[in-house]
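Please take a moment with the sequence and the structure shown here before reading on. The notes that follow are meant for someone meeting them for the first time.

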Amino acid sequence: DDSLDSGGAGLMTSSSARGLYADKTVAMKRREAWSDHLVLLSAVKVDGDVTALNVLPHRGEHNYELSRYFAVGDSSGRVYVFKPEGDLVVESNSGTNSSVTALGSILIRRNETMLVSGHANGDVGFHQLV
């Protein structure tokens, strides 16, 4: 069947729509998927299972650039700071073997950040990044 039910809503049948647009060129664009915007920048490996992640508040030279660092906590209680390219900047033992369950950060001064790690046993670690 070459027609669509108009249902009284003012819709055209497909054959009349073709007649209306016969002399026009219709360009269609595929709707972009969310995955079209994801680009793998790097991959990192840590000693244990990753249990927490935090993007540090440092920005690149321009405000639109990605953060310059991100922190990862693992199941052995260690905290790692990486550059987006995957380079390890800091590896810190938080003083406990308990899994990192939460990471938070706050910019103290221009190049100084306080990274706070929460652990499964209730311990809280403070890491000053300069």
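What follows is a briefing on a predicted model, arranged by topic.

- Strand E6, which covers residues 112-119, pairs with strand E7 in the antiparallel sense, and six bridges join the two.

- Strand E7, residues 124-129, has a covered face made up of Gly 125, His 127 and Leu 129, while Val 124, Phe 126 and Gln 128 make up the uncovered face.

**The second largest pocket**

- The second largest pocket has a volume of about 170 Å³, and Leu 129 is among the residues that line it, together with others including Leu 56, His 58, Arg 68, Tyr 69 and Val 130.

**Ala 102 and its surroundings**

- Ala 102 is found in strand E5, which spans residues 100-109, and it counts as partly exposed because its relative accessibility is 39%.
- Leaving aside residues up to four places away in sequence, Ala 102 touches Ala 52, Val 116, Ser 117 and Gly 118.
- Ala 102 and Thr 51 are 51 residues apart in sequence, yet the distance between their C-alpha atoms is 7.9 Å.

How values were computed: Residues numbered from 1 in each chain as written. Predicted model: local features only at pLDDT ≥ 70, side-chain atom pairs only at ≥ 80, totals over all residues. Heavy atoms only, no water. Buried < 20%, exposed > 50% of the residue type's maximum accessible area, 1.4 Å probe, protein only. Helix = DSSP H or I, 4+ residues; strand = E, 2+ residues; numbered from the N terminus. Pairing = 2+ DSSP bridges. 1 Å grid on protein atoms, 1.4 Å probe; cavity = no way out; pocket = protein on both sides within 12 Å on 5 of 7 lines; lining within 4 Å. Points joined across faces, edges and corners; volume = space filled by probe spheres on them. Contact = heavy atoms within 4.5 Å.
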